[in-house]
Amino acid sequence: MALISLRQVEKVYRMDGVEVRALRGISLEVDAGEFVAIMGPSGSGKSTCMNIIGCLDRPTSGTYVLDGTDVGSLDDGALARLRNRRIGFVFQSFNLLPRTPAVENVELPMIYAGTPDRRARALAALEAVGLRDRAGHLPTQLSGGEQQRVAIARALVMAPPLILADEPTGNLDSATAGEIMGVLDGLSRQGMTIVLVTHEADIAAHARRHVHFRDGRIVRDEPARARFAASGGTPR
Amino acid sequence: MTLAAAFRIALRAIAGNPLRSILTALGVIIGVAAVIAMIAIGQGARRATTEQVQALGSNLLTVFAGTAQAGGVARGDPVQTLTADDAEAIRREVPQVTGVSAELNRQAQVVYRSENVVTRVVGVTPEYQRVRNFRPIRGEFITDDHMRARARVALLGQTVAQRLFGEADPIGQPIKIRGITFAVIGVMESKGATSFFDRDDLVLVPLTTAQRRLFGVRHVGSIQVQVASEEEMPAAQEAVADLLRRRHRLDAGREDDFTIRSQADILQVFSGVAQTMTVLLGSIAAVSLVVGGIGIMNIMLVSVTERTREIGIRMAVGARRRDILLQFLVESVALSVSGGLLGIAIGIAATRLISQIAGWATVISAPAVLLAFAFAVAVGVFFGLYPAQRAARLDPIEALRHE
């Protein structure tokens, strides 16, 4: 069964009285264990799609089923619970709490889940990303790559089935970006489902499936290896 | 999220910016301190007056000239119907009476060399010290000889002695009252002061001297009547009234030209005044507490705006709206509670200081402290609710995008 299942999803915003159709009927299935890159220019609807997959937003119409749960019928509290248990977010700008040590940032999802032994679990998650010795450091005392690895530890600590990474290397130099992608590759090899948003081809190359967005629609959905063969650009 | 977790987050936020936290809580600190100090002063005044009136004995009647005055204390003598002969008649003819003190009470300037004060000059009889239970600490009291001779002798209250003579011994020294020279024959014991009445700010002279030499009158201002026991007070009051109506030749249809008050009446009046003062001072202080609450709301609103991104992050990792509401509500309550606790400490210290500097009696009552504290907590909840709701209603996507 698909981990993510979007069927004819539309999203319409009203901004200053003007209707903006951000998504115009998206259908997408992602199976457990896949590593998918979502690509497309800005304004193509890929961010809106990520927000819906991430349960931060609801579709205007269509259905979204995450891990067997129909998200459209849930209230805010249930959405928060889904984000807490089923999804790990990795953001472009890291989004760590300022003035808060790394280990406490990693503990954050567990505070809302009411998990016991938070400190031990957070330290274990930091160990997994190689930052056990930086646990007491504040975000400002960490390099960009280290901050993003703390964010990944935070995303993993609840052991969710899905990692959503929104331009995770956008604020990093290419060497550090390679390190971070190495961490994601490792997770993928262990069977983690990863959905990655990027507009950089070499970052997208780490994924095994590419989904291209344009004007609120999916214009191409293909295996990564077919990328060069399909450069002629025939939309499916 | 548990309350303990919310509390830890709040403490981190408060401790993260100590100066701002203190300034935010300052309104509540001052408010709580003010409420505690003001109520302590009001209650102190009430207790002191109550004690003073009770110290005079519950078996004392006071006869004033004129009809009932609000508050029972008439300054100057608008009606001149009461005389020393009335006092003598009460002593002779009312069987329950054990002592009578006729008094004439006026403001006057008193001078010693280059020092001068304006004080209460009271013309009294030798019985004054027994009826009023107010005796000289040094020197001698006014005697019958002084009365007969309209002697120019005076006893000073502690406050007047201090102001005119400082540390020097006043006994035997000449002072001038309204330009007439008097010899100081004694200094009275201290009766203490409250925030609105100093009982040691007076000069005692023989009644006859006050009437003839100082003020040129024949009447007296009031007559204190000591009754044998408390049980006989109603009968005595009636007998005194009958006697005075007869002596003043008042027909059945006419009103009394005098007023008789028992200590209980006077106590009630003083107590009422002090109670009103307490409520008034307390309310003014409470207003500052409310203003303090508005200060907290203001900073919490700023804080919610500043921490919009933090709120977005928390929501993304699974915080529900009520978790965010709880977090900010706990923070504003923690601010007002710590402000309240600091306010209690400062309020008690300020009260002690006021007691020492002004010499006023104060009473710090536990209910007043609890009331001020509870009010501070309520202020924290009330003024914290709106900013917390604003935080909880944020859209997670917007909040995450916020710079």
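Chain A of this predicted model is built from seven helices and 10 strands. Its C-alpha trace stretches over about 50 × 40 × 40 Å along the principal axes.

Turning to the strands, six of them line up in an open sheet of chain A, in the order β6-β7-β8-β3-β9-β10, and the pairing is mixed. The edges belong to β6 (87–90) and β10 (217–223) of chain A; each has a single partner strand, so one side of each goes without a neighbour in the sheet. On average, neighbouring strands here are turned by 15° against each other, direction ignored. One of the pairs facing each other is A:Arg209 and A:Pro223, the latter in β10(A).

Chain A also meets chain B, with 20 residues of chain A in contact with 18 residues of chain B. On the chain A side, the elements that supply two or more residues are α2 (76–86) and α3 (102–113). Of the elements on that side, α2(A) gives the most, with six residues. By type, the chain A side that touches chain B splits into nine nonpolar, five polar and six charged residues.

Then there is the packing of nonpolar residues. In soluble globular proteins, nonpolar side chains tend to be buried together. The largest nonpolar core in this model counts 134 residues, and those with the most contacts inside it are A:Ile38, A:Ala153, B:Val32, B:Val35 and B:Ile36. Helix α2 of chain B (residues 18–55) is the top contributor to this core, giving 17 residues. Apart from this core lies another one, of 53 residues, which includes B:Val100, B:Val124, B:Val203 and B:Phe258.

A closer look at B:Val32 shows which residues it meets once its neighbours within four places in sequence are set aside. Among them are B:Leu289, B:Ile344, B:Ala372, B:Phe373 and B:Ala376. Several glycines are also in contact with B:Val32, namely B:Gly339, B:Gly340, B:Gly343 and B:Gly347.

Key. Residues numbered from 1 in each chain as written. Chains lettered and ligands numbered in written order. Predicted model: local features only at pLDDT ≥ 70, side-chain atom pairs only at ≥ 80, totals over all residues. Core = buried A, V, L, I, M, F, W, Y, C linked by C-beta atoms within 7 Å. Buried ≥ 20, exposed ≤ 12 C-beta atoms within 10 Å, placed from the backbone. Helix = DSSP H or I, 4+ residues; strand = E, 2+ residues; numbered from the N terminus. Contact = placed C-beta atoms within 7 Å. Pairing = 2+ DSSP bridges. Axes fitted to C-alpha atoms, helices over the stretch in contact; angles between N-to-C directions. Nonpolar A, V, L, I, M, F, W, Y, C, P; charged D, E, K, R; others polar.
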